[in-house]
Every structure is written in C-alpha cells, then in structure tokens.
Amino acid sequence: MNDAEPCPCGSGLPLTACCGRYHDGEPVPTPEALMRSRYSAFALGLNDYLLESWAPETRPTALPDDDPTQWVHLEILDHGEDGDTGRVHFRATFREGRRWGALEERSRFRREAGRWVYVDGEPSVTRLKPGRNDPCPCGSGKKGKACCVRG
C-alpha cells in the first residue's frame, strides 16, 4: 500500500498521518487508536506490530504469514477508557475468496509503562451473504454488483 493512500482503518486520512505513524513506533494515545492501528496492521499484514501491541499473557507465539483474509471495512461501535484500562466494541467486515463475514468484538486494553496494549476480546463471527443489489459490505455505499460483490 502506498503511504499516500487512505488508511485501511477508514479514517479518511493518509496512512502516514493515521495508523502508519503508530506502526512506525509513535505511542498510541487511546484504546480506539490502538484498535484502528491493529485493524490496519491486520489489513496490511504487519504481524510484528500486532504481536508487539499485544499483552504478553495473551499474545500468541506467532501469526500466519499467508492469511487469506482481506479486511475491507471497520466500524467502531463504542469505546472508552478508565485510567489504565480501556474497551473498544467494533465490527470488522472481511472477505475470504468469494465468502464474506463480519467479526464483532468487545476488546479490552491496558496501559503498560505508558503504552496501550490489546489484552483480549469476546469475538463473534457472522457469515454475510450479500446480494448483487444489496449495499456492498465494504461500506462504499454502492450496490454490491457495482463494487466488490461479483457473480
């Protein structure tokens, strides 16, 4: 992805002015910003960033390098923080081949040594079956047949 292209998190800002600066090491100011930067990291395949921003007690040892998931749309449904703990409720739409789905999660975050980390979440996955004349699940506002839904 070109750094001048819009950030995958959906902010409308260029990657370098949005999540890219966190991927490059700038401290993330809020749990919501960390969630957005992690979503962008999943979309861009930045596994090192994902592991670094994960709390040690829940962090996996590795993430797959060849994940077929294409992340296409992020919605933040609710978020907040209280001292050194935070929460973000989000819905992320994805595509795997011709199949569509949505991951909805209520995530928990913690500030450690001045940096926010992802602790864990309560995920649920729903399969989507968008029709050609339905709104495209990518969030573009177009009909599926004029956007991402083919055949």
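Which element supplies the largest share of the lining of the largest pocket? That is helix H2, with five residues.

Before the details, some ground rules. This is a predicted model, where local features need pLDDT of at least 70, side-chain atom pairs count only at pLDDT 80 or more, and totals for chains, interfaces and linings use all residues. Residues are numbered from 1 along each chain as its sequence is written, and side-chain values use heavy atoms, with hydrogens and water left out.

Now the pocket. By pocket I mean an open set of points on a 1 Å grid over the protein atoms alone, where a 1.4 Å probe fits, with protein on both sides within 12 Å along at least five of seven lines; lining residues have an atom within 4 Å of a point. Lining it are 21 residues, and closest to its centre are Arg38, Phe42, Trp54, Trp71 and Leu103.

Two of those residues meet directly. Arginine 38 lies over the face of tryptophan 54, 4.7 Å from the ring centre; the rule asks for CZ of Arg or NZ of Lys within 6 Å of the centre and within 35 degrees of the ring normal.

Next, aromatic pairs, meaning ring centres within 6.5 Å, stacked under 30 degrees, edge-to-face over 60 and tilted for the rest. There are five. Tryptophan 54 and tyrosine 118 have centres 5.4 Å apart and planes at 80°, so this pair is edge-to-face. Both residues are buried, that is, under 20% relative accessible area with a 1.4 Å probe, protein chains only. Ring pairs also link Tyr39, Phe42, Trp71 and Phe94 into a cluster.

Notes:
Helix = DSSP H or I, 4+ residues; strand = E, 2+ residues; numbered from the N terminus. Phe/Tyr/Trp six-rings, centres within 6.5 Å; stacked < 30°, edge-to-face > 60°. Buried < 20%, exposed > 50% of the residue type's maximum accessible area, 1.4 Å probe, protein only.
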